[in-house]
Amino acid sequence: MADINRDDDVIEVAFPPRFGYGERVVARSVIRNDGTYSGKDIGEVLVNKGEIGYVTNINTFLQQFYIYAVDFVETGHRVGMRAKELCTLDNLPEEVLNQLGERVAALRQLGAGKPSGGSAA
């Protein structure tokens, strides 16, 4: 079994989670199956960079890291991810929103048309 990289002295759980339940996030990189995702081959792509998902659960790993269960609606995958693999779409800092200018409206629409578990009537 490969060694687990614990990122040395970083203890994320000493601080509040970076993302909240239901928060819209985007994948910062391609995520492949490391063998923990049932029904997919090891190395198979689960999430592509730029895919939008919603945080459905927050847990910890090795009493050191937060693991965010992210539901990627378009692919139907629910994947456990670290904070460094995600970026928020809902809670961007004010200075970032100011730099985006008119593009903020388009950003707010990304992933907004997707169902969030409720039924459409």
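Two strands count as paired if DSSP finds at least two bridges between them. The legends below describe a predicted model.

**View A. The open sheet of five strands.** The strand order is E6-E5-E4-E1-E7, and the pairing is antiparallel. Strand E6 (77-81) and strand E7 (86-88) stand at the edges; each has a single partner strand, so one side of each is left without a neighbour in the sheet. From one strand to the next, the twist averages 45°. Strands of a sheet pair through backbone hydrogen bonds, either parallel or antiparallel.

**View B. Strands E1 and E4.** Strand E1 covers residues 24-27 and strand E4 covers residues 52-61. The two run antiparallel and are joined by three bridges. Arginine 24 has tyrosine 54, in E4, as its bridge partner.

View C. Seven bridges hold a place between E4 and E5, which run antiparallel. Which residue of E5 is the bridge partner of threonine 60? The partner is tyrosine 66. The hairpin of E4 and E5 has three residues between the strands, and leucine 62 takes a positive phi near 55° there.

**View D. Strands E5 and E6.** Strand E5 spans residues 65-72 and is joined to E6 by five bridges. These strands also run antiparallel. Aspartate 71 has its bridge partner in E6, namely arginine 78. E6 is one of the edge strands, with a single partner strand.

Notes. Residues numbered from 1 in each chain as written. Predicted model: local features only at pLDDT ≥ 70, side-chain atom pairs only at ≥ 80, totals over all residues. Heavy atoms only, no water. Helix = DSSP H or I, 4+ residues; strand = E, 2+ residues; numbered from the N terminus. Axes fitted to C-alpha atoms, helices over the stretch in contact; angles between N-to-C directions.
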